[in-house]
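Welcome! Take a moment to look over the structure below, and then we can walk through it together.

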Amino acid sequence: MPGKPKLYYFNGRGKMESVRWLLAAAGVEFEEEFLETREQYEKLLQDGSLLFQQVPMVEIDGMKMVQTRAILNYIAAKYNLYGKDLKERALIDMYVGGTDDLMGFILMFPFLSAEDKEKQRAVIVQKATSRYFPAYEKVLKDHGQDFLVGNSFSWADVHLLEAILMVEEKKSDVLSGFPQLQAFKARISSIPTIKKFLEPGSQRKPVPDDKYVETVRSVLRMYYDIKAN
């Protein structure tokens, strides 16, 4: 029997957090090896584990997978969270792509200066409330179902809940004008595997702090400043 998936990344969110979310949603236990030093990263490079010389990397089913979208695609398909046919998969890809775009405005937030963080916070809220959340609100209202695709729980639902919670960390009442998304958040959060992942003590990572930023900068030798979008 294959062992648990093993995740190689920093002890923080970044691009690996969506992988953690999806595995948790599928009820799959996983292990983690946190990168804390440049030497750990270089060892992965030297032994050929990082095909494109970057993390995230996940060991699963005898593979060393890199590229976040490829990892997520595999997990979603393996655990029946990727729709029942090609059309549903296309819709899931489309909705996940939208939430990815929104998350992209948040991903580098911890690496910004204090001044740029305030600017970016406004951008995140504006993009969420004028472009992304209205789209998902309409999808849910138009088809009147509990889930985004095919009236069954999928990767698209997991990804959207993750994005909603990330934006709420920037503005707690951001869903005030979106009743469908409020109900969606409550429904998805109550799914047993998701509920467990949202509880204290899970492998869900907290909002990135200064220690996380310093570790990433040191390991990846990020000597440049990140600018706001």
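Predicted model: local features only at pLDDT ≥ 70, side-chain atom pairs only at ≥ 80, totals over all residues.

## The N-terminal stretch

The UniProt record, an unreviewed entry, places the feature "domain: GST N-terminal" at residues 3-83.

## The chain as a whole

Stepping back, you can count nine helices and four strands in the chain. Followed from the N terminus, the elements run β-α-β-α-β-β-α-α-α-α-α-α-α. The chain has a radius of gyration of 18 Å, close to the 17 Å that the globule rule gives for 229 residues, so it is as compact as a globular protein of that length.

Along its principal axes, the C-alpha trace spans about 50 × 50 × 30 Å. Of the 229 residues, 45% count as buried.

## A cavity inside

How many cavities of 30 Å³ or more does the structure hold? There is one, and about 50 Å³ of space lies in the largest cavity. Its lining is made up of Arg13, Glu17, Trp21, Glu162, Leu165, Met166, Arg204 and Lys205. Two elements, helix 1 (17-25) and helix 6 (155-168), each give two or more residues to this lining, and helix 6 gives the most, with three.

Sorted by class, the lining has five charged residues, three nonpolar ones and no polar ones. Both domain 1 (6-79 + 198-220) and domain 2 (86-190) take part, each giving at least three residues to the lining.

How values were computed:
Residues numbered from 1 in each chain as written. Heavy atoms only, no water. 1 Å grid on protein atoms, 1.4 Å probe; cavity = no way out; pocket = protein on both sides within 12 Å on 5 of 7 lines; lining within 4 Å. Points joined across faces, edges and corners; volume = space filled by probe spheres on them. Nonpolar A, V, L, I, M, F, W, Y, C, P; charged D, E, K, R; others polar. Domains from an automatic or database assignment. UniProt positions renumbered as here; feature names shortened; annotations may be inferred. Rg over C-alpha atoms; globule rule 2.2 N^0.38 Å. Buried < 20%, exposed > 50% of the residue type's maximum accessible area, 1.4 Å probe, protein only.
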